[in-house]
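Please open the structure in your viewer and keep a selection panel at hand. The stops below take you from one selection to the next.

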Amino acid sequence: MKIKTSADMLIKNGFFIVFALAFLLFATMTDHFFKAQNILNILHTMAPLAITASGLALVVISGRLDISVGSTAFLSCAVGALLMKNSGLDPILAAILVLACGALLGAVNGFIVTVLNVNSLIATLGTMIAYRGVALALTDALLVQLPEPIRVLGNAHIGPVPTDIFIMLIVLVGVHLLLEKTSFGRQLVAIGNDIAIARKVGLPVDRTGFLSFVLAGTLASAGGILTTVQNGAVSPFLGSGLEFTALAVVVVGGISLVGGRGTILLAIIPGAFIFEMIRNGLTNLGANPYSYRLVGGAVIFAAMYADALKSGRLSLKRGTNP
């Protein structure tokens with residue numbers, strides 16, 4: 001009984017134990033890690049990832065997947081950057097256009113999944129490839145520089161705190177309230193728990209699912225804007241691999257990959273922080289740059305396994321895997 005109780009507690013709090021151990025390890029083994037400026041740098045760097053992951057989390061909670069968020073960020077930001085460069089479009093209008101483009105691309109995903117009834121993984125795998133192909137064709141796979149007045153915004157601060165940290169927090173709080181305090185959020189959770197029962201009780205399953213993809217696309221483009229401003233340009237690699245990192249953030253933070261369970265603030269902030277913390281800590285340790293992928297992969301595997309145990313798809317007893 002004690003073993004089972006300890007195992008349950010480890011599964012429930014395993015992420016926070018790993019988080020604390022990794023933080024203490026980097027704080028004691030490096031001179032610069034546990035300094036306020038370095039913590040702010042981690043939060044600054046993770047802002048685009050956290051915003052993108054918050055939109056993806058809505059889709060995952062509904063029991064579906066969207067692996068096109070990286071390509072959505074790339075294509076929508078490429079459109080905005082090209083219009084600013086070639087047509088002199090006002091930066092504010094360009095930002096609005098980028099968000100609208102992200103919403104449109106998300107709507108395409110939502111249409112394919114909810115109207116054409118294509119599996120969400122297959123649908124967004126196709127659009128992930130197609131969106132990136134269109135973006136590469138538009139940019140000729142070249143760097144698109146932002147105008148000089150926009151580039152300086154990447155280092156904008158309010159006091160000692162980078163501006164994009166405030167933007168991240170505002171967006172995450174908004175998405176959190178949307179999930180926790182609105183009927184839309186409760187419908188997402190109900191759909192994720194059992195889509196058949198949700199249909200039987202009359203919930204607008206298709207409309208809610210469609211809107212979750214629209215929001216995921218919009219927030220992916222918002223994350224892309226922050227990345228573009230931080231880098232000062234749209235690069236051909238913008239958003240490459242972002243879909244998998246964002247999905248890892250969602251799962252590592254505690255949102256169930258099978259849907260119906262999870263919150264935003266307590267999942268996305270620590271989930272995104274631990275990945276950037278590992279990258280930052282290994283850099284401070286002078287580790288091989290490729291070691292980040294190995295450590296990150298191990299964290300993702302551990303999170304997936306813990307999620308499977310929480311979901312009851314695996315038994316703690318050997319040989320009783322259902």
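At 9% relative accessibility, does Glu276 count as buried or exposed? Glu276 counts as buried, because its relative accessibility is 9%, where buried means under 20% relative accessible area, exposed over 50%, and partly exposed in between, with a 1.4 Å probe and protein chains only. Before going further, please note that this is a predicted model, in which local features need pLDDT of at least 70 and side-chain atom pairs count only at pLDDT 80 or more, while totals for chains, interfaces and linings use all residues. Residues are numbered from 1 along each chain as its sequence is written, and side-chain values use heavy atoms, with hydrogens and water left out.

**Stop 1**

Arg279 and Glu276 are separated by about one helical turn because they are 3 residues apart in helix H12, helices being DSSP runs of H or I with at least four residues and strands DSSP runs of E with at least two, numbered from the N terminus. Arg279 counts as partly exposed, at 38% relative accessibility.

**Stop 2: the largest pocket**

On a 1 Å grid over the protein atoms alone, a pocket is an open set of points where a 1.4 Å probe fits, with protein on both sides within 12 Å along at least five of seven lines, and lining residues have an atom within 4 Å of a point. The volume of this largest pocket is about 980 Å³, a volume being the space filled by probe spheres set on the points, which are joined across faces, edges and corners.

To colour the lining by element, select helix H2 (36-61), helix H10 (205-231), helix H11 (242-252), helix H12 (265-285) and helix H13 (291-310), the elements that each give two or more residues to it. Helix H13 supplies the largest share of the lining, with 7 residues. Coloured by residue class, the lining divides into 16 nonpolar, 17 polar and 3 charged residues, where Ala, Val, Leu, Ile, Met, Phe, Trp, Tyr, Cys and Pro count as nonpolar, Asp, Glu, Lys and Arg as charged, and the others, Gly among them, as polar.

**Stop 3: two contacts across the sequence**

Select Leu49, whose place is in helix H2 and which is buried, with a relative accessible area of 8%. Leu49 and Thr227 are 178 residues apart in sequence, yet their C-alpha atoms are 8.7 Å apart in space.

Then move to Met128 in helix H5, which is buried as well, with a relative accessible area of 14%. A C-alpha to C-alpha distance of 7.4 Å separates Met128 from Thr72, 56 residues away along the chain.

**Stop 4: the other salt bridges**

By the rule given above, the count comes to 3 salt bridges. Select Arg151 and Glu148, whose side chains meet in a salt bridge at 3.3 Å, N to O; these two residues are 3 apart in helix H6 (residues 148-151), so about one helical turn separates them. Arg151 is partly exposed at 32% relative accessibility, and Glu148 is partly exposed at 47%.

Next select Asp206 and Arg199, whose side chains meet in a salt bridge at 3.1 Å, N to O. Asp206 is partly exposed, with a relative accessible area of 31%, and Arg199 is partly exposed at 43%.

**Stop 5: positive phi in two loops**

Most residues other than glycine have a negative phi. Asn117, which is not a glycine, has a positive phi of about 60°; this residue sits in the loop between helix H4 (91-115) and helix H5 (120-139), and counts as exposed at 62% relative accessibility. Ala141, also not a glycine, has a positive phi of about 55° and lies in the loop between H5 and strand E1 (144-145), where Ala141 is partly exposed with a relative accessible area of 41%.

How values were computed:
Salt bridge = Lys/Arg side-chain N within 4 Å of Asp/Glu carboxyl O.
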